[in-house]
Amino acid sequence: MHNILILLMFLSLPAYGGEAQDMAKDPVLEKRMVVLAEELRCLVCQNESLASSHADLAEDLRREVRELMQKGMSDQEIKDYLVARYGDFVLYEPPMKSYTLLLWLGPFALLTGGLGVLVYQLRNRRKTVAEATLSLESEARAVALLNDEKR
Amino acid sequence: MMRFILPFVIFIILATFLFVGLNLNPREVPSPLVGKPAPEFSLPQLHNPNKQFSPQEMKGKVWLLNVWASWCASCEAEHPLLMELARQNIVPIVGLDYKDKREAALKMLEHRGNPYVITVSDPEGRTGIDYGVYGVPETYVIDKQGVIQHKQIGPVTEESIRDKILPLIAELEKK
């Protein structure tokens, strides 16, 4: 009786297959897929990575990435494969190109500009502050007033 | 004077960037496939699953590839426009039934009319991935040499047919 139960248990196992099976089959590959998918954007829900999205297309693309990895493609080759179909948009980190120069260098340009303005203003201020010297007369008055207050 | 001009200029630059940027539709990702040969595939026909169809068969013709599915609501919205386009007999439309159940797709075509010269089934969406499909419906204009000349993401509208698709087809026909 026991034997039959055990046998039945094994027989029923394949029914649990489906999505999770891939994971069990090759955890190393699955991990690699997830790491790569973190760098890829889901095109349906655009602020989610391919790894975290539950969209149908994301699932298909994860399957695709998994299969490409099984075929022995490198991460870069898989990225190129997806870019050829979906464009640079699929990459979370956009490549350096002529039309992304502003994106890459813009923040540094703003920072440099801001620093420039800051330095310019500080220098100007030093000049204005230096000019505001007191005449002897008013200084004596100021001292007198301050002393007055102390008392 | 400079005190007022400089902030004003910065404001104008910023406003221009925001005006242009916020008017763009983030859902429309430019396809890298425009200007490239349409990816090859060989898929079973919806009405005749024993027969395959490949884009090769359309060589020498300007044609539309319309990605649709029976579960897709905006496909229903564009359906009458495709019917009208088919009725005018201007351009052959090939349907790619994307991630769909065959019965559901057949039922829908029977019920609402069939604008396609041929429909192929892509139940797992693999050809869809090759075409960079991410939002059904999508429509590709493909020229006589089999090069994708335009991709419409989302349903076609009266405007997009009149202003973009029809003029493009007319131009491609001349070549």
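Visitor: Among contacts in chain A between residues at least 6 apart in sequence, what percentage join residues at least 24 apart?
Guide: 41% of them do. Two residues are in contact if their C-beta atoms, placed from the backbone, lie within 7 Å.
Visitor: What should I know about the model and the labels?
Guide: The model is predicted, so local features need pLDDT of at least 70 and side-chain atom pairs pLDDT 80 or more, while totals for chains, interfaces and linings use all residues. Residues are numbered from 1 along each chain as its sequence is written, and chains are lettered from A and ligands numbered from 1 in the order written.
Visitor: How many helices and strands are in chain A?
Guide: Seven helices and zero strands. Both are DSSP runs numbered from the N terminus: helices are H or I, at least four residues, and strands are E, at least two.
Visitor: How is chain A divided?
Guide: Into domain 1 (17-95) and domain 2 (99-150). The bounds come from an automatic or database domain assignment. The C-alpha centres of these two domains of chain A lie 53 Å apart.
Visitor: What share of chain A is buried?
Guide: 15% of its 151 residues. Buried takes 20 or more other C-beta atoms within 10 Å of the residue's own, with C-beta atoms placed from the backbone.
Visitor: Over to chain B. Is H1(B) in the open or buried?
Guide: Largely in the open, because zero of the 22 residues of H1(B) are buried.

Notes
Buried ≥ 20, exposed ≤ 12 C-beta atoms within 10 Å, placed from the backbone.
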